[in-house]
Amino acid sequence: MSGTSSMSGTPAVATGGRRRNGSRLGWNLLGLLVFVIAGFPVYWMLNTAFKPAKDAIDPDPSLLPTGLTLSNFSRALDIADFWGPVGRSLVVSLSVVAIGVVVGMLAALAISRFAFRGRKIVIVGILAVQMIPLVAMIIPVFLLLNDLKQYDKLTGLIITYLTFILPFTVWTLRGFIVNIPRELEEAAMVDGCSRTGAFVRVVFPLLAPGMVATSVYGFIQAWNEYLYALMLMSQQNQTATVWLGNFTTKHGTEYAPMMAGATMMAVPIVVLFLFVQRKMAAGLTAGAVKG
């Protein structure tokens, strides 16, 4: 009987294993499909950037590169000044990240750790600000910056970007801080740390992954923003995204140099991600509490 039972159970185990393998294969294929769909625009940008200019406007384009050339990059640099707009975009993006993370961290700490009158109103206000379309604020922002003598200045653009990056930073960092147990701070204070010392030695290291994630988001938002940079900055003070508009002229659009310029603009984002990818993937409180 025992032998019969073991033999009858073997097909069930095999069937369950095949089902798991089939399910795993299905999810892998789905993931591959999503990767192809998401990565194809990037591939096409690189393909167009390195192909001859005449092939970029071919009505029957080839999926595989037929020839590689660097002439598009030199053409992109010749059409308009490249390093000036890129330098201004870097100054604006890094300033927005630095100010946004510091102010956002302090605001998130106050909202998540301290009870004060109007706390819920502040939280609702942060969410409400993110619901306002950016297009609807162009005219008020323009008039305000003009009154403050900040029109066509990098400081005015930095202030403008902070208005829609700070709410997201505060809300995201608040979520990270709330998930850090208060007991860690209390244990540090029992050992002799002040509240500030407990934050610097305990909370701040655990908050690093959240700060990195919000910093990357803020940098990408400020780096890729186009509408406000176009409306608030003159041609002499244009940023990198507005610089890409120079490839569309009255004679048409030069697609190959434009894709070369877009490729060069993507380099800072790729470099930044390569530097911070480990922090972004790190666990927030892994190993903080033993037992």
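**Close-up views of a predicted model**

**View 1. The second largest cavity is about 30 Å³ in volume.** This is a predicted model, in which local features need pLDDT of at least 70 and side-chain atom pairs count only at pLDDT 80 or more, while totals for chains, interfaces and linings use all residues. Residues are numbered from 1 along each chain as its sequence is written, and side-chain values use heavy atoms, with hydrogens and water left out. A cavity here is a set of points, on a 1 Å grid over the protein atoms alone, where a 1.4 Å probe fits but cannot get out, and lining residues have an atom within 4 Å of a point. Its volume is the space filled by probe spheres set on the points, which are joined across faces, edges and corners. Around the second largest cavity you will find Val96, Val97, Gly100, Val101, Ile165, Thr169, Thr214, Ser215 and Gly218. By type, the lining has 4 nonpolar, 5 polar and no charged residues (nonpolar: Ala, Val, Leu, Ile, Met, Phe, Trp, Tyr, Cys and Pro; charged: Asp, Glu, Lys and Arg; polar: the others, Gly among them).

**View 2. The largest cavity has a volume of about 40 Å³.** The structure holds 2 cavities of 30 Å³ or more. Lining the largest cavity are Ser89, Val92, Ser93, Leu157, Tyr161, Ala222, Trp223, Glu225, Thr239 and Thr241. Helices α4 (83–113), α7 (154–178) and α9 (195–224) each give at least two residues to this lining, with α4 giving the most, 3 residues. Here the lining divides into 5 nonpolar, 4 polar and 1 charged.

**View 3. Glu185 and Arg113 form a salt bridge, their closest N and O atoms being 2.6 Å apart.** Glu185 sits in helix α8 (residues 182–190) and Arg113 in helix α4, so the pair ties together parts that are 72 residues apart in sequence. A salt bridge means a side-chain nitrogen of Lys or Arg within 4 Å of a carboxyl oxygen of Asp or Glu. Helices (H or I, at least four residues) and strands (E, at least two) are DSSP runs, numbered from the N terminus. Both Glu185 and Arg113 are buried (buried is under 20% relative accessible area, exposed over 50%, partly exposed in between, with a 1.4 Å probe and protein chains only).

**View 4. Glu254 and Arg75 meet through their side chains in a salt bridge (2.8 Å, N to O).** Since Glu254 lies in the loop between β2 (252–253) and α12 (255–281) and Arg75 in helix α3 (residues 71–79), the pair ties together parts that are 179 residues apart in sequence. Glu254 is partly exposed, at 28% relative accessible area, and Arg75 is partly exposed too, at 37%.

View 5. Is Asp55 buried or exposed? Asp55 counts as buried because its relative accessibility is 16%, whereas Lys54, at 62%, counts as exposed. The whole structure has 3 salt bridges.

**View 6. Leu25, Leu29, Leu32, Phe35 and Val36 form a nonpolar surface patch with about 520 Å² of accessible area together.** Leu32 belongs to helix α1 (residues 2–50) and, at 48% relative accessibility, counts as partly exposed. Patch residues have over 30% relative accessible area and no salt bridge; like charges are joined within 9 Å, and nonpolar side chains (Val, Leu, Ile, Met, Phe, Trp, Tyr) within 5 Å. Accessible areas come from the Shrake-Rupley method with a 1.4 Å probe, and for residues only the protein chains shown count as cover.

Notes: On a 1 Å grid over the protein atoms alone, a cavity is a set of points where a 1.4 Å probe fits but cannot get out, and a pocket is an open set with protein on both sides within 12 Å along at least five of seven lines; lining residues have an atom within 4 Å of a point.
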